[in-house]
Amino acid sequence: MTPDNREEVAGGVLGKVAGRLKETAGEALGRDDIAREGRLQQAGADAERDARRAGSDARDEQAAADVETDRAAIEAERARLQAEADAERREAQIGRQEDRGEAAADRLEAQARGAERRADAIDPEEQS
Amino acid sequence: MNPLRTVVGTSIKAARLPLDIAGKLLGRSDGTALDRAEAGARETAGAVLGDEQLQRDAARRRTAADQRDEAQELKEQAKRTRQRTQQQAARKRRQADRAAAEREEALRARERADRLEALDEQADALEAQEDALAARDEAKRLKDAAGSVKARRTS
């Protein structure tokens, strides 16, 4: 017996079978107390099974929720890194276009200096 | 040295000098206009005087003026190229900045939606845990009740 005046009854499948037997025996013998104990034991066994299922479902739901949280975080990080990479690529592309423009301007200036040198060689008197 | 050629050359230079000084003082450059005018004057003088050296001199000055004009045009092309390059780069950077800002806003919105969805799932999971705890309590209650009935029966 437990300290609060209770006895342990079996649970699980065994408890379910035992409860069923007690219920049947109690009804056959006209012993309501045994039949009631059997019904309670069956109900307790059913409730235990339901609780196990509920616990398993809860763990599954928690795992799914954790996966969803991780997935969202990873997706956000991926998108942010992708945006950074795209921005760097665009900036590099703009930089290359700038370099090409500056190089073209440098070439024109070099040609201008060449023309000035030729002019000075032809007419040193008018050197600017 | 042909004295007549020297006189012509000096006269042309003397005639040009005030224009050169005025141009410098005013900070204006008329390009090679004065060089070409001088070449024209030398050519005319050469033709009048029958001086081939003066005429060759005029042709040489005109060629040099052509080269200086070409140099000036090339410098202006270079300047325009630099300006165009800088303007294009600035425009592209502005476009890129706008696109990045729009993308960032879309990312934030998506992040909020995902976070809300994740929180909903966490809330469902907590609810399921509550249900599981309640089911466990109910099982314990029924088992205790069965135990109490058994205790009364066997006492």
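Two residues are in contact if their C-beta atoms, placed from the backbone, lie within 7 Å. The model is predicted: local features need pLDDT of at least 70, side-chain atom pairs count only at pLDDT 80 or more, and totals for chains, interfaces and linings use all residues. Residues are numbered from 1 along each chain as its sequence is written, with chains lettered from A and ligands numbered from 1 in the order in which they are written.

**Exercise 1.** State how many residues of chain B are in contact with chain A, and which helix of chain B gives the most.

Solution. Step 1: 55 residues of chain B are in contact with 57 residues of chain A. Step 2: helix α3 (residues 52-154) of chain B gives the most to this side, with 54 residues; helices are DSSP runs of H or I, at least four residues, numbered from the N terminus.

**Exercise 2.** Classify R82(B) as buried, partly exposed or exposed.

Solution. Step 1: a residue is buried if 20 or more other C-beta atoms lie within 10 Å of its own, exposed if 12 or fewer, and partly exposed in between. Step 2: R82(B) counts as partly exposed because it has 18 C-beta neighbours inside 10 Å. Step 3: R82(B) is found in helix α3 of chain B and touches G101(A), E102(A) and A105(A), not counting residues up to four places away in sequence.

**Exercise 3.** Describe the packing of α1(B) and α2(B).

Solution. Step 1: helix α1 (residues 3-26) and helix α2 (residues 33-49) of chain B pack at an angle of about 155°, with axes 11 Å apart. Step 2: α1(B) is therefore roughly antiparallel to α2(B) (angles over 145 degrees).

How values were computed
Helix = DSSP H or I, 4+ residues; strand = E, 2+ residues; numbered from the N terminus. Axes fitted to C-alpha atoms, helices over the stretch in contact; angles between N-to-C directions. Parallel < 35°, antiparallel > 145°, perpendicular 65-115°, else oblique.
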